[in-house]
Amino acid sequence: EGSEAWAFQAESRVPVDSSILIQTPHTMIQRAISPVEPLLLNTSPTAVTKGQSNIFPLTLRCAHPDSSAAAAALVIERLQLRVVDGQGLAIAASSVFSRMLVATGFDILSVITSVPAQSAVQFDFSSPVDINPGGLQSIALIVDIASDASASDFRISIDSATWLPLADANT
């Protein structure tokens with residue numbers, strides 16, 4: 001599958017020789033990414049109102065740890081988080097939110113309008129977030145508080161490194 005590239009390397013006119021050399025395009029070999037340490041910024045207000053829209057409870061800042069072009073780009077394709085109460089006990093995301101979305105800059109990566117009645121929420125990005133060597137990207141969670149929210153408080157938790165899988169673009 002895929003396309004092949006070929007080019008004549010030499011041509012013989014007498015006797016006629018129809019052999020050609022077939023080559024693939026060149027492939028760069030990059031080194032693996034150094035360990036990445038995303039920074040979690042608590043941007044949550046201290047209080048919100050039922051029915052309030054466009055709340056930014058957290059922002060993740062991911063910096064590519066390498067600056068050399070010889071390093072692979074960093075890719076993020078999904079995010080999972082948990083909604084907990086003020087004491088850290090799991091609560092249904094739908095008891096707090098009517099809409100949840102993840103964005104980077106002006107690009108919306110994932111929107112959940114049917115908020116689950118479970119604590120864990122996974123956002124599968126519509127397009128991956130690519131961070132080139134030396135680059136920085138911020139990923140924001142934006143939520144609407146349900147007008148009938150039954151929870152009295154909440155926190156957002158990312159429980160494991162596997163909930164924010166950071167991979168190099170070559171794998």
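Two strands are taken to pair if DSSP finds at least two bridges between them, and strands here are DSSP runs of E with at least two residues, numbered from the N terminus. In this predicted model, leucine 41 has threonine 59 in β4 as its bridge partner. Strands β3 and β4 (residues 55-63) run antiparallel and are joined by 4 bridges.

A word on conventions. This is a predicted model, in which local features need pLDDT of at least 70 and side-chain atom pairs count only at pLDDT 80 or more, while totals for chains, interfaces and linings use all residues. Residues are numbered from 1 along each chain as its sequence is written, and side-chain values use heavy atoms, with hydrogens and water left out.

I turn to the sheet. Its 5 strands form an open, antiparallel arrangement in the order β3-β4-β9-β6-β7. At the edges lie β3 (39-42) and β7 (107-112), each pairing on one side only.

Next, the salt bridges, defined as a side-chain nitrogen of Lys or Arg within 4 Å of a carboxyl oxygen of Asp or Glu. The whole structure holds 2 of them. Aspartate 144 forms one with arginine 99, with the closest N and O atoms 2.8 Å apart. Aspartate 144 lies in β9 and arginine 99 in β6, so the pair ties together parts 45 residues apart in sequence. Aspartate 144 is buried, at 11% relative accessible area, and arginine 99 is partly exposed, at 22%; buried means under 20%, exposed over 50%, and partly exposed in between, with a 1.4 Å probe and protein chains only. Arginine 82 forms a salt bridge with aspartate 159, where the closest N and O atoms are 2.6 Å apart.
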